[in-house]
Amino acid sequence: MKLRHRMLGTLALLAAPMIAGTTWARYQFEWRELERALLTFGEIEMVDRNGLERCRANPAEFPLPPRARPERPRGRDRADRWEGPPRPPRQVNGPAPGRRPESKTDADILGMGASLRLHAYRADFLSDNPRSPPFPKELRAGLEAGADKTSGRLNRNQDLFAVGWRTPWSDGPAAVILISTARVPKLFRGPMLGAIGALTCVLLAAVWLAMGPLIGRTRKLAAAARRVEKLDNFEPIPEEGSDELTDLTRAFNTAGASLRQAMDTANQREASLRTFVENTAHDVGTPLTVLQGHLAKLAENGQRDEGILRAMEEAQYIGAMLANLSTVARLEDVEVPLRQDEVDLKALCLRVLARHQTIASEKNIELEHALPQAEVTVRGEMTLLEQAVSNLVHNAVSHGQPGGHATLHLQLGPADSFQLRVLDDGPGIDSQTLQNLTERRWRSEDARRRHPSGRGLGLSIADDVAKRHDFDLKLSKSEAGGLEVTISGKCAGTQRQD
Amino acid sequence: MHLLLIEDDKALAEQVIAQLSAQGYRVRWLADGEIALREDPAPYALIVLDLMLPKVNGLEILKNYRSRSDTPILVLSAKQDAVVKVKALQLGADDYLTKPFWPEELSARIAARLRRPILKREGGVEIGRLFVDLTAHRASVDAEDIQLTRAEWELLAALARQTGAAISREDLMEATLDPSRDGTMRTLDVHVSRLRKKLGPCSNYLHTIWGVGYRLEVKD
């Protein structure tokens, strides 16, 4: 969930109970006020306006309506829905004969208009006036329990509010007074709801706007973190304001700078190491060539004994190791993407074959090749591909037996694909070791061991190079029981000769 | 043939000169890049150029020579760096050799550059002393016709059509053997054996490629 949405959600969660509490308090206040107003009306009516005397004088006709001027109710008068006995004729509610009409009734003052009613009952909750409604059960229970007054909403639709008042005149026809009105306390009122809604919207909008700058700064922090993750140039984030986010930004800048410095140091070390390896390979390359020349001369002069052959093999091994060191250094340099040159695979194969021909001849291994007449071009980094193929041929020659064979076979396949196979009739490798060879990585210590197979490092590098070029490298047993390694993939472009 | 060697390491240069001289080449050696820049490359059959030279970079010499001559240039490099090698090929180097290398390797690369291309006459292919007339369905060694059976002729023609390329046994069986008869690998090998005998002095042109098939080629 986004920060802004979370904040708005939290605000809404906090606002809801507050609004509900306020509404309930207001409802209770309105209830009490209405109750107090009705009781005040009852006291005025019974004491100040001689209601008690009139009731005692003629209880069967009490009460007389307090209204001075008849008011035409809007729509259907809610009092008409009284669920008590049939109402007296309408004129009963008019001004009493001979009574001075008042300019404004208390009911008007209270804002209750014609809906205000007052009825008198004896102590047993029965009225002497047959037109008075039965005393509501909801209010009776409270008064019987000893309360002076009770109030509640009446009727099936709860659209009447009434107060039951136990008067001090408990022995007469007005021991209990029932005052009712159609105005009822409401939990929600339209204007109030609008006000609450508007206030909530304003509040949410204010929070939404106030969150903007904070979110903007948070996003800057996140973007900076992503740049560090991708090893891009780390630029310090401007430290705006003086709040907690500023502290966070400052801490992030400090951590980022430290990380950048550590990475720079590590990169410099790696670069130095790669340069060292490259320079070492270069410096050793020329004297090793001279050494190989002398060894070849000795072999040519007829001193072909076991010692010379072993020395030549070791020289070949050192040369391969140097090349592999450079290759590994290049593979580790992930910051520089692979070159995508067009590489002539046929020329590459011929170079590899020539490099191993001498040692193959000395070991009496027939190093053969088969290349297609058409050009075979792939995209990739030439030296890496050459070293991968060289490792395969080196393995095939190194592990071959005198009188044995090693063959490099390059052929075109369907849909502009190529297949490069290097196979030998050496002792071969059992299935379990084959599996391990493909899983072994050149970073592992195991891969660096020369023996027992000595194939691990070269094959692992070849496998890695193949993967980096989206080629497929597979190991299997050759028909003659030796090892067969196949690299296959897509050509950059082939020109078939028919 | 006259070759030019540009190499600053004296021990290596002396070794290369001795080796190439023994093979009949005349070799002129230059150890200084600045002097090499003033040398005319045109008279040489091939130039062996080390890229790491004092004073002048080998790539500069390569560029200079290529602007003046088409003489094949074989580049020697002690670095695995792909950038340098690709740059050398882009500047016109014909081949490169990475140190360390065996003397035989250098000889093979030079020979490959100087090798006489296969001659293709009208309707036929000339491979050393062997001529295969693909139109007249005739083969001759030193202008002497050789008598071949249908299967032997089909075999020779299939190999001659792709001289220098290895052809798999499966492809040769398909091109040579009569599908109505039982043709096996063994039958093919028998036909190859008989063809080899009939080729006489050219029998060593027919090479067995272990694990693949056969190839017709004149080997050095």
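**Briefing: backbone exceptions, a helix pair and the A–B contact**

Asn364(A) is exposed, with 12 other C-beta atoms within 10 Å (exposed is 12 or fewer such atoms, buried 20 or more, partly exposed in between, with C-beta atoms placed from the backbone). This is a predicted model, in which local features need pLDDT of at least 70, side-chain atom pairs count only at pLDDT 80 or more, and totals for chains, interfaces and linings use all residues. Residues are numbered from 1 along each chain as its sequence is written, and chains are lettered from A and ligands numbered from 1 in the order in which they are written.

**Backbone**
- Most residues other than glycine have a negative phi, and most peptide bonds are trans.
- Asn364(A), in the loop between α8 and β6 of chain A, has a positive phi, near 60 degrees.
- Ala415(A) has a phi near 55 degrees, also positive, and is exposed, with 7 other C-beta atoms within 10 Å.
- The peptide bond from Lys99(B) to Pro100(B) is cis, with omega near 0 degrees.

**Helix pair in chain B**
- The axes (lines fitted to C-alpha atoms over the stretch in contact, with angles from 0 to 180 degrees between N-to-C directions) of α7 (residues 169–176) and α8 (residues 185–199) of chain B come within 10 Å and cross at roughly 80 degrees.
- Helices here are DSSP runs (H or I) of at least four residues, and strands (E) of at least two, numbered from the N terminus.

**Contact between chains**
- The contact (C-beta atoms, placed from the backbone, within 7 Å) takes 36 residues from chain A and 29 residues from chain B.
- On the side of chain A that touches chain B, α6(A) gives the largest share, eleven residues.

Notes
Contact = placed C-beta atoms within 7 Å.
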